[in-house]
Amino acid sequence: MSEATEDIGTDAALEGQLNGLSSCRVNAELRQHGGAEGAREEMGDAAEEIESPASSAEPSFRGLAWPTPSRPLHEALAGSPDGAAENGGGGTLLRHAGRPAAEACGAGGQCSAADTVKLREPLNERLSDSMDARGPCDGHGGRRRASVVGGLDYADGCARGDAAGIAAPTLADAWRVRQERAAAGGHTEGWQEQHYRRAPGPRTQVSTDSEKQIEVLRVDNERLRRRLAAREPPSPTTALPETAHQGLHLENLRLKSRVAQLEDDLKRRLERLEELEQPGVRAAQQQGQGKETGSAGQPRSPPPLLSNGKMMSLMKGMGRPRDPDPTGGGKAPHALKAENAALQDDLRQLRGERERLHKLLQGSQRTERHLRLQLEAAEQEAALTRREFREELERLEELQERAVAETALASQAELCRAHTYVLEVQDRLTSLGPALLSLASDYRSLKEEAKSFPQLLETGVANVETQEISVPPVCSPRQLARAVEEMSKRCDEMERRYQREMVLRKKYHNQLVELRGNIRVLCRVRPAIEEDGEGTLAHSVVQVDTEDDGAVHVAQRGRQHSFQLDRVFPPHASQEEVFREVQDLVTSCVDGYNICIFAYGQTGSGKTYTMEGTAKAPGINQRALQHLFQEMEERQDEWRYTLSLSMLEIYNETLRDLLGSEGHGRLDIRLCPDGSGELCVPGLRQEPVTSLGDVHRLVSLGHSNRATHCTNMNEHSSRSHALILVTVSATNSITGTSTRGRLNLVDLAGSERLAKSRAEGDRLREAQNINRSLAALGDVIQALRAKQAHVPFRNSKLTYLLQDSLARESKTLMVIQVAPAARHAAETICSLHFAQRARAVELGPATRRVEPPDATMPAEVKGKLSRI
Ligand SMILES: Nc1ncnc2c1ncn2[C@@H]1O[C@H](COP(=O)(O)OP(=O)(O)OP(=O)(O)O)[C@@H](O)[C@H]1O
């Protein structure tokens with residue numbers, strides 16, 4: 001009996017999850033069964049409300065068979081086939097009935113049990129078994145069951161000693177199962193828990209058999225309950241009140257969940273709005289301030305946001321659980337409705353607020369979209385600009401590449417043309433050689449004939465006069481005179497042709513020399529002077545070939561030494577004549593070539609005269625500079641020139657600046673810091689020259705600073721090597737091309753035989769240094785001629801300074817000065833041997849120094865062009 005009661009109580013405790021509404025309905029029935037007063041007391045307003053369901057606004061209450069005084073509960077229940085619901089309600093019924101319910105049970109316990117059994121047939125099968133095993137249900141049993149299930153009256157039951165040993169484990173078990181369910185279901189604390197909690201603590205004395213039995217029963221109950229639920233589907237009419245309650249509950253939960261979502265959404269949007277609208281709020285504040293003081297015609301500002309305090313309080317209210325019991329158990333419907341209404345209000349308010357915030361957010365999003373569009377447009381523009389820049393760069397690179405390729409092709413074509421031309425010249429020279437030889441032979445024979453012709457003529461005339469020979473009748477004197485005249489004409493014609501061929505040969509020879517880069521060597525024989533000691537009419541041992549202007553013959557001790565040079569000037573050759581030979585070379589300096597002209601010869605042979613000359617007969621230096629100015633003037637429409645001049649001397653192996661105002665400062669030769677590989681003299685004064693007047697002034701100054709002394713060989717002997725360095729920089733105003741040429745004009749000190757000059761002291765030392773440096777120059781020439789790998793340029797200051805002029809890329813011309821006197825024959829022959837060696841040197845074709853036209857052209861392209 002007690003176990004059956006436990007089963008029912010446990011089942012009721014576990015399954016009786018009805019809300020207060022159901023409890024009130026059951027209490028109303030209890031009131032019908034005798035506990036009406038107590039039940040009414042418990043029902044209160046809720047009972048009244050339920051008794052008038054028509055007044056309820058909840059649709060779930062409609063159509064319910066409510067118990068009324070005229071309709072007892074069992075009738076109401078009988079009208080509902082939903083045994084399961086009533087069964088659940090039964091537990092609650094008993095629980096709420098309390099003591100009056102127990103009394104009712106005692107009075108009509110059979111009826112109540114029968115109703116329950118009828119409604120819960122499967123469960124009662126088991127219950128009946130238990131009851132049969134433990135005796136029939138009586139009033140105490142019914143009361144005990146009511147007490148056990150009711151919970152609150154449990155202590156009373158125990159105090160009376162009824163089923164004390166059974167009630168304790170039953171309640172403990174029920175409590176444990178309830179706790180497990182609460183933990184598993186996650187439901188918040190409800191009405192039952194509150195009541196259980198107010199009950200005294202569970203009894204700790206547990207019977208092992210009872211526990212097992214309880215466990216078995218509990219499992220059976222669970223199984224039966226499932227079967228019952230499966231067999232008896234809920235009736236819509238009887239389920240309605242519970243459905244309505246659950247609907248309310250679910251609506252409540254849904255609203256709370258919705259409110260929570262809205263709260264989160266609102267919080268997020270508020271944060272987002274604060275971030276987005278910070279400048280806007282400031283602007284609105286400023287606008288508001290302006291509005292306070294401004295005119296009424298200004299646009300109205302948007303309605304202010306909810307104040308932070310209000311919003312926070314609203315949100316706190318939303319966040320606060322309005323009902324500590326979310327199941328709604330123990331709450332009256334009107335409280336729930338009020339709460340729902342409050343929630344609806346909050347929700348409406350929040351929705352309104354949300355709408356407004358949503359509009360603001362939309363405005364912000366529009367602004368953001370607008371800004372994003374602007375950003376995208378700016379990015380597209382930047383991408384377009386980048387692409388255009390890249391394309392422009394590629395186009396420029398392509399142009400550069402094309403320019404380089406075209407220049408390379410043009411250079412190659414030019415090179416091919418030059419090569420073809422050289423081959424042509426060589427062929428013509430080869431073919432001209434034999435023709436020239438035959439012509440020369442013919443010319444010589446004709447010349448001999450012409451020489452002997454007067455004698456033959458005289459002999460012939462004499463023979464005719466003396467009648468010693470018989471003149472054939474056909475050869476009258478008149479005829480003979482005609483023959484002579486004819487022969488003379490032929491002789492002139494031959495000579496003319498010979499001269500023409502000589503000019504042509506000279507031209508081709510010069511071109512060949514230039515192409516090979518040979519050092520061109522001229523020879524000038526000075527006239528006899530008083531210093532020679534034999535008078536100005538003394539016999540010259542140096543004979544310039546009248547038929548070949550490149551040949552010179554020196555007679556010494558009955559032996560003739562012949563030398564072939566590029567050009568030999570006889571003693572009567574003027575300064576102008578000599579300069580005409582070097583004029584083209586000077587011109588090429590303006591074109592950007594490095595030119596070096598130096599005079600070599602024994603002391604007193606006329607080097608200074610040839611290079612410097614006199615006031616009346618200026619030498620190469622002045623004429624060259626004058627020619628440079630003329631060339632620059634002629635080209636000034638297309639080119640802009642700057643010209644600078646330096647002068648230095650090498651005296652006793654030291655460098656001295658001849659234009660230095662404070663004496664002769666010591667200088668040294670260094671590599672140029674510009675990385676060109678050229679040599680320069682740091683500290684050497686470089687004077688800009690704009691007119692011939694500047695040139696005269698500077699050259700006079702340098703000349704006056706030069707070391708000269710009187711020697712036995714020369715009254716004004718130069719005791720140093722003197723150099724004039726002229727730099728010509730030019731820029732083409734049309735193409736932007738720039739050139740830089742340098743003209744080195746060198747007047748070497750003269751070699752002298754110390755025994756002959758009888759130099760002593762300083763003169764001796766000077767002569768030794770001069771001879772040593774000239775010997776070094778001879779060694780360099782020899783090495784260059786032999787194309788040796790090492791050329792000893794650094795053996796003297798002179799050769800080191802002339803290194804650039806004696807190496808590739810330069811056009812070099814040497815004027816060998818010789819004296820005609822027999823006493824200088826040995827030195828003359830020595831100088832001419834040196835000249836012949838120098839002439840054999842091939843420096844290679846000279847290189848024009850041109851800078852690319854575009855100064856902004858990349859260094860890489862410049863490099864390519866300069867290499868080409
Ligand atoms: N072609 C010439 N016509 C007339 N006089 C000349 C000619 N060449 C040289 N002389 C004269 O010869 C003399 C010596 O000439 P110069 O001083 O030029 O020789 P040098 O080779 O420079 O001697 P040094 O090496 O000692 O300086 C001078 O008086 C000069 O006027």
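How many aromatic pairs does a search of the whole structure find? Hold that thought while I say what we're looking at. This is a predicted model, where local features need pLDDT of at least 70, side-chain atom pairs count only at pLDDT 80 or more, and totals for chains, interfaces and linings use all residues. Residues are numbered from 1 along each chain as its sequence is written, and side-chain values use heavy atoms, leaving out hydrogens and water.

Okay, the search turns up 2 aromatic pairs; rings of Phe, Tyr and Trp (its six-membered ring) pair if their centres lie within 6.5 Å, and planes under 30 degrees apart count as stacked, over 60 as edge-to-face, the rest as tilted. One of them is tyrosine 600 with phenylalanine 834, stacked at 4.0 Å centre to centre with 15 degrees between the planes. The partners sit 234 residues apart, tyrosine 600 in strand β6 and phenylalanine 834 in helix α23. Helices here are DSSP runs of H or I, at least four residues, and strands are runs of E, at least two, numbered from the N terminus.

Buried or exposed, that tyrosine 600? Tyrosine 600 counts as buried because its relative accessibility is 9%, and phenylalanine 834 is buried too, at 2%; the cut-offs are under 20% for buried, over 50% for exposed, partly exposed in between, with a 1.4 Å probe and protein chains only.

Now the sheet. There's an open one of 3 strands, ordered β2-β3-β4 and antiparallel, where pairing takes at least two DSSP bridges. The edge strands are β2 (542-544) and β4 (559-564). Between β2 and β3 there are 3 bridges, and valine 542 partners valine 554.
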